[in-house]
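Me: Please take a close look at one chain of this model and how it meets its partner. A plain account will do.

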Amino acid sequence: MVYLTRKMEFSASHLYHNPSFTPEENRRIFGKCNNPHGHGHNYVLEVTVAGEPDPQTGMVLDLKELKDILQREVTDRMDHRFLNYEVRELNGQIPTCENIARAIWNLLEPKIKRGRLHRIRLYETPDLFVDCYRNGAPKGAGRG
Amino acid sequence: MSKGLKIELTRRYRFAASHRLHSEHLTKDENERFYGKCNNPYGHGHNYVVEVSVSGDVDPATGMIANLADLDGFVEREVIEAFDCRNLNEEVPAFRERVPTTENLCMEVFSRLRQFPKARLERIRIEETGSNSFEYAGE
């Protein structure tokens, strides 16, 4: 099995607010992220696909194909957007790194036809990131 | 659709500390041969980077596995306050008997953080320098 990783960036704004919490609870739980005007990040996304290289091409999948999928599914939806208001997949959710990563997983997994989606790593800042895997994904190569 | 998805959150922390690699079970020559420059009796230091990975269910009310303020506070109390700007050999009880290699440091940090009450500790990864890193995920 070979693991191939493609990296991309997008910039977006968000805020954390749960309408079922009181204003005090929102401030206490979400801190500065509850600022009603929102704030933004340069997100870095790493997408890892696992598979066996095709004997004809030597590739797990065509990187151009993966790049086009990422452009359509992630960049076109999320880049330079306000995640709370403009991304349907995050409707009704707090756009934390966990929820954005899960939404991206759900967008990408059915679109990757060659190999299989192994891991999504989404950096909100260089010091905070979230990984998504299928439960039971093999440990070891492609994990870290 | 998200069923069966495992989500891990990783946060990076930093501390600076000194150490000396020296074993009481080895002779002076063996210590010098095994540990080289790291056996310098005066010690030396590193800017350590610690990656703490936790997993758990994402709370629908907050969108979070664990509130970062809780994780930051726990790591600050259990690790940063104990290690930052310290001499690991002299000031961390675990390293009175064990050599403070970064392998052992990973295991020590793991044992200090495994009690984090809000999520499951998955893994500790420590960069001793930009070129050397070590990981420990429990037994």
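Reply:

**Chain B and its interface**

Chain B and chain A bury about 2300 Å² between them, with 51% of that area coming from carbon and sulfur atoms; buried area is the accessible area (1.4 Å probe) that two parts lose on being put together, summed over both. The model is predicted, so local features need pLDDT of at least 70 and side-chain atom pairs count only at pLDDT 80 or more, while totals for chains, interfaces and linings use all residues. Residues are numbered from 1 along each chain as its sequence is written, chains are lettered from A in the order in which they are written, and side-chain values use heavy atoms, without hydrogens and water.

At the interface, 23 residues of chain B are in contact (heavy atoms within 4.5 Å) with 24 residues of chain A. There are 2 salt bridges between the chains, a salt bridge being a side-chain nitrogen of Lys or Arg within 4 Å of a carboxyl oxygen of Asp or Glu. One of them pairs B:R14 with A:D127, whose closest N and O atoms lie 3.1 Å apart.

Chain B itself has 5 helices and 5 strands, taken as DSSP runs (H or I, at least four residues; E, at least two). Their order along the sequence is β-α-β-α-β-α-α-α-β-β. The C-alpha atoms fill a box of roughly 60 × 25 × 25 Å along the principal axes. Of the 139 residues in chain B, 47% are buried, meaning under 20% relative accessible area (1.4 Å probe, protein chains only). Among contacts in chain B between residues at least 6 apart in sequence, 69% link residues at least 24 apart.

Key: Buried means under 20% relative accessible area, exposed over 50%, partly exposed in between (1.4 Å probe, protein chains only).
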